[in-house]
Amino acid sequence: MSMEDYDYLFKIVLIGNAGVGKTCLVRRFTQGLFPPGQGATIGVDFMIKTVEIKGQKVKLQIWDTAGQERFRSITQSYYRSANALILTYDITCEDSFRCLPEWLKEIEQYANSQVVTILVGNKIDLAEKRAVHRHRAQDFAESQSMVYLETSAKESDNVEKLFLDLACELIREAKQNKLDNSDAAPMLGEGKSISYLSCCSIN
Amino acid sequence: MADSGGLMSVKRCDSLNSSSVSMETITALTELEDLERVYQQLCSEEKDVEVALDKLVDQQGLINTKMMTLQRMGPNLQLIEGDASQLSGMITFTCNLAENVSRKVRQLDLAKTRLYKVIQRADDILDLKFCVDGVQTSLRDEDYEQAAAHIHRYLSLDQSVIELSRQGEEGGSVDASLLMLQEAEQKLKVVVAERLDAAVAAVDLVQVERFFKIFPLLGLHEQGLARFGQYLCSQLASKAGENLLLATGGDVNEKRAPLVFAETLTLLLEGIARVVETQQPIVETYYGPGHLYTLIIHLQQECDRQAQKIVDKFIQQRDYHSKFQVVQNSMMKSPVPTERIEPRELDPVLMEVTLMNARAELYLRFLRRRMMADLEVGDAQSTTQEHQQNVEKLLKHCLLSTTMQELIGYYIPMEEYYMRESVNKAVAMDSHEKGQLTSSMADDCFYIVKKCISRALSSANIDCLCAMINHSTSALESDFREVLYNKLRQGYPATTLQDFQRGVSSAVSLMQSSLQQGKFNALGIESTEDAKAAFLVTLNNAEVCSENITTLKRNLENDCSKLFTQGPASGDRAKIDSCLSDLVNTSSKFKDLLQEGLTELNSTAIKPQVKPWITAFLSVSHNIEEEEFNEYEANDPWVQQLIVNLEQVMVEFKTGLTSASYDTLTSLMTSLVAIEMEKTVLKCTFSRLGGLQFDKELRSLVAYLTTVTTWTIRDKFARLTQMATVLNLERVTEILDYWGPNSGPLTWRLTPAEVRQVLALRSDFRSEDIKRLRL
Ligand SMILES: Nc1nc2c(ncn2[C@@H]2O[C@H](COP(=O)(O)OP(=O)(O)OP(=O)(O)O)[C@@H](O)[C@H]2O)c(=O)[nH]1
Ligand SMILES: [Mg+2]
């Protein structure tokens, strides 16, 4: 497959507290492995994976940002051009959940209004250490009209689903936008609440 | 013998069957003929048998002689048997003998090895004794190098041998020697440590290096490196302290002042780099490869401490954090007006921070290179991986790195603020000089964006660079593009002036006289003129921006490849490329804006004027005879005026727009003319000569338009040209000479229905003829 051979190109940015497993999620999805001795991310890392959805080639540009506070101003500069944001917390870490409103504020301030945001609770393999009840997270996500998904980068649970569902949603939005734009109304649309379809058969 | 056997079996076989012809067969024969045939056969068989018998008889003699020979061989065989058993006995004997010999050889070999070991041990014991004596004297003479060499010799002796020796007869004396050696070793270790400490305290480099070299001989690598590191650190610390004091003291050279903390940090890092450079050969020689890493760990601790001090002072004296806070507050767009900083005020501090980071980056790269080189010499493949990770960990997570990351974390929002504020200012102070195609903000904004990105680039931090490219993209795309977009949205003013130009020329003079009398609102016209100019300038600005962005991207690509010649990790390259491609996408957004603006200009400023000029075609009759045709020839009724008018309406754009934009606009105008002409022509009636007249007019128009644009306009006028062809026909059926299989190179743009429609415009063509046409 040549570099430019794709039907869609989307930018996905992962955000969330340090140590919640963003890098592990990305590596699991792009390289199919759970990296041992994963050091904290410095700045941002950049990875590309092309997937096929319903016969269409979708190129995903995945930006894995550092959660540590001192990199915040670097990561913020990537919000605006993001098509989707994966807001991640660690289900065994109450603190990472309590920081979510702060992250949402950042999104509000820096991201564009059409961005698709999904909430991810990672590390479900550590069920015995769970600190945030599933319903609590689910309710929170609903109150912010976000989709909620629980994953394990370690056990590879829901990781494919996360990225592929997101890609499907982005395709849907892109098609919708095209329709809207053809109505000779080029003004920016309102931020829509995201209705999520599990339209993909995961292949 | 085998032969005779074969014969015998043949014979037996023969006697069984006696003959190929049985008796019964013979008795059954009745015919003479048959009897004769059988007789012949039997005769020949008899002859064969006779021959065979003769052969057998011949062999008898041969067989007899062979039997005789065999009988004579019997006694010989008995002799051979005896010999053979005797031989076997001899072989067994020899074999036993050989086995005995080899056992003895093996024993001999063992004895020899033991002998060697004994000699070795004797040597070792002698060495040991020599060492004992030597150490004593060396210690007495304070020849510590020699003493250490003896101890080193002792330490490298095989410990098990020494153990064994103690069990031997001489055990007692060896024990005593060993004890003495151990005592000497301890003593030497204490003495060397004391002397090194003393040398460190006395800052006596020669002595420090002297004792530093002795440590590895005593197996004290870590200790030696630690103490030496401590010495180097104290040296660095005092120098750094002095430098920082100088930096913060009052009398700093005014020229140095703005960058004094960056310079102080540079001095520190260069100092450490120099230490590494000078000490590396010593460490490598006396400690072996792979130990530089340990020394650098010690040095880095001091580096971290000193760098932190410099950065703390920098933050304090430059009000770094409070500046950041002010910037943060004003970017939050809080409703309450807050304290603001002039972007210009940030210039020096932004410069200083990027310089500091660049120096740190350079220093860390230097350390990585040195440690890697040292490890590569030292280690087997298997361990390098782990060491490499240790090196990366040391460099990435050292305090110097994290401190710099923090500074850059504050730098980025400040640089963003600097850029946005400066761009806003450039927009606010935008000015346009008469005769210039663009206004000041187009170039000013790019100067600012370029400056900010270059500064970020000079930090040598790739994430910092990428962040600033992202912010630039967003500043250009939303802030700056928005400005141009809003200006264009105000539209190109339709003016009373245009109304007059559209009218008779006398009206112009009327207006001029009115102006002189002050009846017209001069201000109104002037501001309309300004608005027009502003619209055109904005279009040019959009075009220039689009070009500038492409240039900026190209230049940045060059700069990046120059700066990161050591080849950044491929991931870093991909990051930069991705951010740059977002930046360059902005370029086409400005192009789109330009295109929209030109379309707008065409439909608001050109179309309303051009339309009536073309409609005027209707008032010039084309249903004409010879006489009118000739008069038109002498006195052009329409097309020349149209051309003059077009020339006139375009002239202000020709001077006001860049040539590329003007060309695009002209192209839009010609399309407009073609479409309007087509509509108008379809409303007319033509005579044969009227058709000819129209053809002439169209040719003049196309010829003119060809001269004003570089775009090809033939295509745009293809339908009109074909209409003229149709209107010029002698007879209705003549169309068939040009249609279908006769069309030749001509591709008809008119549908058959349209051809009929045009034919119907001719007053002299009968509609039945047109209807009857088969197209
Ligand atoms: N048990 C378990 N551990 C995980 C999982 N995902 C990540 N981890 C561990 O969590 C730690 C942090 O993971 P990272 O992926 O580095 O976290 P991060 O969000 O990228 O952290 P920053 O880069 O600092 O923002 C590592 O020790 C991982 O091994 C998971 O699904 N299950
Ligand atoms: Mg990470």
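What percentage of the 775 residues in chain B is made up of buried residues? Before selecting anything, keep in mind that this is a predicted model. With chain B as a whole in view, the buried residues come to 41% of its 775 residues. Colour the chain by secondary structure, and you will find 27 helices and 0 strands. Among contacts in chain B between residues at least 6 apart in sequence, 78% join residues at least 24 apart.

**First stop: α9(B) and α10(B)**

Select residues 260-287 of chain B, which form helix α9, together with residues 292-317, which form helix α10; their axes come within 10 Å and cross at roughly 170°. Because angles over 145 degrees count as roughly antiparallel, α9(B) and α10(B) are described as roughly antiparallel to each other. Show the side chains where they meet: on α9(B) these include B:Phe261, B:Leu265, B:Leu268 and B:Ile272, while on α10(B) they include B:Leu295, B:Ile296, B:Leu299 and B:Phe314. Sorted by class, the contact has 16 nonpolar, 5 polar and 1 charged residues, and B:Lys313 of α10(B) is among its members.

**Second stop: α23(B) and α24(B)**

Move on to residues 659-681 of chain B, helix α23, and residues 688-708, helix α24, whose axes come within 10 Å and cross at roughly 170°. That crossing makes α23(B) roughly antiparallel to α24(B). From α23(B), the residues in the contact include B:Tyr662, B:Asp663, B:Met669 and B:Val673, and they meet B:Phe694, B:Leu701, B:Leu705 and B:Val708 in α24(B). The residues of this contact divide into 9 nonpolar, 2 polar and 1 charged.

Next, select B:Arg481, which lies in helix α16, residues 462-489 of chain B. B:Arg481 is buried yet has no salt bridge, and the nearest side chain of opposite charge, that of B:Glu482, is 4.9 Å away. Leaving aside residues up to four places away in sequence, show what B:Arg481 touches, namely B:Leu476, B:Lys589, B:Phe590 and B:Leu593.

**Last stop: B:Gly409**

Finally, go to B:Gly409, placed in helix α14, which spans residues 399-428 of chain B. Is B:Gly409 buried or exposed? With a relative accessible area of 9%, B:Gly409 is buried.

Terms used: Residues are numbered from 1 along each chain as its sequence is written. Chains are lettered from A and ligands numbered from 1 in the order in which they are written. This is a predicted model: local features need pLDDT of at least 70, side-chain atom pairs count only at pLDDT 80 or more; totals for chains, interfaces and linings use all residues. Side-chain values use heavy atoms; hydrogens and water are left out. Axes are lines fitted to C-alpha atoms, for helices over the stretch in contact, and angles run from 0 to 180 degrees between N-to-C directions. Helices (H or I, at least four residues) and strands (E, at least two) are DSSP runs, numbered from the N terminus. Angles under 35 degrees count as roughly parallel, over 145 as roughly antiparallel, 65 to 115 as roughly perpendicular and the rest as oblique. Contact means heavy atoms within 4.5 Å. Ala, Val, Leu, Ile, Met, Phe, Trp, Tyr, Cys and Pro count as nonpolar, Asp, Glu, Lys and Arg as charged, and the others, Gly among them, as polar. Buried means under 20% relative accessible area, exposed over 50%, partly exposed in between (1.4 Å probe, protein chains only). Lys and Arg count as positive and Asp and Glu as negative; His and the chain ends are not counted. A salt bridge is a side-chain nitrogen of Lys or Arg within 4 Å of a carboxyl oxygen of Asp or Glu.
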